[in-house]
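Reader: Please show me the model. Then I will ask what stands behind each term.

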Amino acid sequence: MSSSTETLAFLREVRLFKDIAEPELMVLGRSMEERPLKRGQIICREGDPGEEMFVVRRGSIVISKLVTGRVEQVLARIGPGDFFGEMSLFDRSPRSATVQADSEATLLALDREGLRRVTEQSPRAAAAFFHALVLIFIERLRASGDLVAEVTRWGLEATGLDVDAR
Amino acid sequence: MTETEASPTPPRRAKLELLVRRDTDDGFDVREIGSGTAFVRSRPQRVATESYELAEVASRVAGQRSFILKNTATDRFLLLSEPEKFLWEQMDGRTSLQEIATAYVLRYGAFDFDIIPNLMRKLQGAQLLTLTPSSRLRQALARNRRQPVVKAIELGLTALERINISSRNVQRLFTALYRYGGFLLFTRGAVLVCALLAIVGLAAGVKLWREGGDIVAGFGGHAVRAILMVKLLFFLTVAAHQIVHGLALIHYRRRVREFGFTFLHGFVPTFYVDVTDIFMTSRRARVVTAISGAVVHLVLGSLWFVVARSSPLGSFTQAFAAASGMIQWQAFVIALYPFCFIEMDGYHVLADVLGMPTLKQEAMAWVGRLVRGRAPRRFGRHEQVFALYVVLSTISVGLFIAFNIMLVSHARS
């Protein structure tokens, strides 16, 4: 369990937990497990079952999705304060992307049971958590739209395809 | 209106960030690929031969030829100019757009920056074009990846392809090299010195040939190590060859776009210089640029022969110098001799002079059709050139192998 003062100070800076009061944050901190990662270590592969979400405490993480063979498209690079893996935590579906440490890193893992404990103990903290989550989801959805547009533009430019041609 | 206002910033090109996983472990490399790079490296491929027809349109205007291209599957027609027909013929799925553009410049002596994208749009609209992204070798390897040997070759090629040490910011360096002495290489005095050295080197080489056995004895028991050193030293002179190409560009006031080291075709280590800017100038400039690099080997080979000639008979120095001289002269001949199936400097000069930028590819394709009994009965000028190129190249490669076998047996005896 990670319940040190440093962890608490770190969680206070995480956008996802910014509106959660200190007592609930302490409960949350106690529910999170610290995971050190070596550079290149894979946290989860696309298609793996998932039970946890992770907050990046230190280091850099790359999230990618298989395109073909050994080639994957980089969806995002995230750093301290960012989080991932929440989709499997909620809908119990397999991991949608592969996540790998791009440098030495430390994660804080929150499993379903830990989240349930926090939300049961403090509905106010739960509301703050889910509100922040929705706002970040909206941002990510917009970013996904931008990425789709960028990839489409790349394809058009790379092939010289003229969609106006009849 | 200021100049800045008059020229708005061009739109940013899209980039893809791809993660390429290594086979050996969980490691990966992230590569950022711009759409512009992907475009010039793409290999447009026209539809299969049975899916189109091409016919020339008789024109009343002298010197102007037009062609009708028909997609037999969709009944779509396109009117092509002669340059567009030339480009269409290059779109064989093996030639990249960059190479097609080079071929166009060699053929027509100028470049129209809009012609290729415009033609591609027309062809795509008429469903006459497909795009294949990688070489046939890599496609064949990927198809047979399950075989351990093929997989090992593919891994090796991939690893080697990653090695590319280059700089695109070399114009200033080459300009300085030219200003502080490089210009001397492009004077009549330099040509005279090269000619004299060639004569002296040739005389020394002939005399050394007669003493072959005694010279090789100079290697003693270290023949393999010595040959490896000779090869390594030769490899370094390839850098000098490329630098002289770059200096020739500066001499003709053109731009050296890139200089570096890579593995040619994925497995031949080599230095290279991007001389494409020379296509924007005269044929004479192109020929001088092509020949100047190879002359490095002639000069070095001659100097080595002179050193070998003046060294004590049977000494290690003599053996080393003679072997170095021989390898440099072979490099000179191979670089300038166009008939050897390799697209070296001499081949490019020949293709330029003939105005047939894809001579080798066309000749090989024609021979392939001939072997399969599909070649047209016509035996015009082009077909004569193809036949001559293939016959001379085949004979030359045979003679080259025979010469090297004779060289080894001469040294042994």
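Author: Start with contacts in chain A. Of those between residues at least 6 apart in sequence, 74% join residues at least 24 apart. This is a predicted model, in which local features need pLDDT of at least 70 and side-chain atom pairs count only at pLDDT 80 or more, while totals for chains, interfaces and linings use all residues. Residues are numbered from 1 along each chain as its sequence is written, and chains are lettered from A and ligands numbered from 1 in the order in which they are written.

Reader: What makes two residues count as "in contact"?

Author: Their C-beta atoms, placed from the backbone, lie within 7 Å.

Reader: How many helices and strands does the secondary structure of chain A come to?

Author: Chain A has 5 helices and 8 strands. A helix is a DSSP run of H or I with at least four residues; a strand is a run of E with at least two; both are numbered from the N terminus. The order along chain A is α-α-β-β-β-β-β-β-α-β-β-α-α.

Reader: How do you know that strand β1 and strand β8 of chain A pair?

Author: Pairing needs at least two bridges found by DSSP. β1 (residues 33-37) and β8 (residues 105-111) of chain A have 5 bridges, in the antiparallel sense. The test is therefore passed. One example is A:E34, whose bridge partner in β8(A) is A:L108. Another is A:P36, opposite A:T106.

Reader: And which strand pairs with β8(A) over 6 bridges?

Author: That is β3 (residues 52-58) of chain A, again antiparallel. Here A:V55 stands opposite A:L108.

Reader: Why are β1 and β6 of chain A said to stand at the edges?

Author: The open sheet of 4 strands has the order β1-β8-β3-β6, with antiparallel pairing. β1 and β6 (83-84) each have a single partner strand, so one side of each lacks a neighbour in the sheet.

Reader: Which residues of helix α3 of chain B are buried?

Author: In α3 (residues 82-90), they are B:E84, B:L87, B:W88 and B:Q90. These four lie on the same side of α3(B), because their arc around the axis is only 160°. That arc is taken over the directions from the helix axis to the C-beta atoms. Buried means 20 or more other C-beta atoms within 10 Å of a residue's own; 12 or fewer is exposed, and in between is partly exposed. Their cover includes β3 (43-46), β5 (66-71) and α4 (97-108) of chain B.

Reader: Where is confidence lowest in chain B?

Author: In helix α1 (residues 3-6) of chain B, with a mean of 42. pLDDT is the predictor's confidence in each residue, from 0 to 100. Helix α8 (residues 171-179) of chain B is highest, at 93. Residues 1-7 of chain B stay under 50, with 1 contact beyond four places in sequence. Chain B averages 81, and 86% of its residues score at least 70.

Reader: How many residues does the contact take from chain A and from chain B?

Author: Chain A gives 21 residues and chain B gives 23. α5 (123-159) of chain A supplies the largest share of chain A's side, 7 residues.

Reader: What joins β5(A) to strand β1 of chain B?

Author: The two run antiparallel, with 3 bridges to β1 (residues 15-21) of chain B. With at least two bridges required, this pair qualifies. A:V71 has B:V20 as its bridge partner there. For the complex, the predictor gives an ipTM of 0.76 and a pTM of 0.53.
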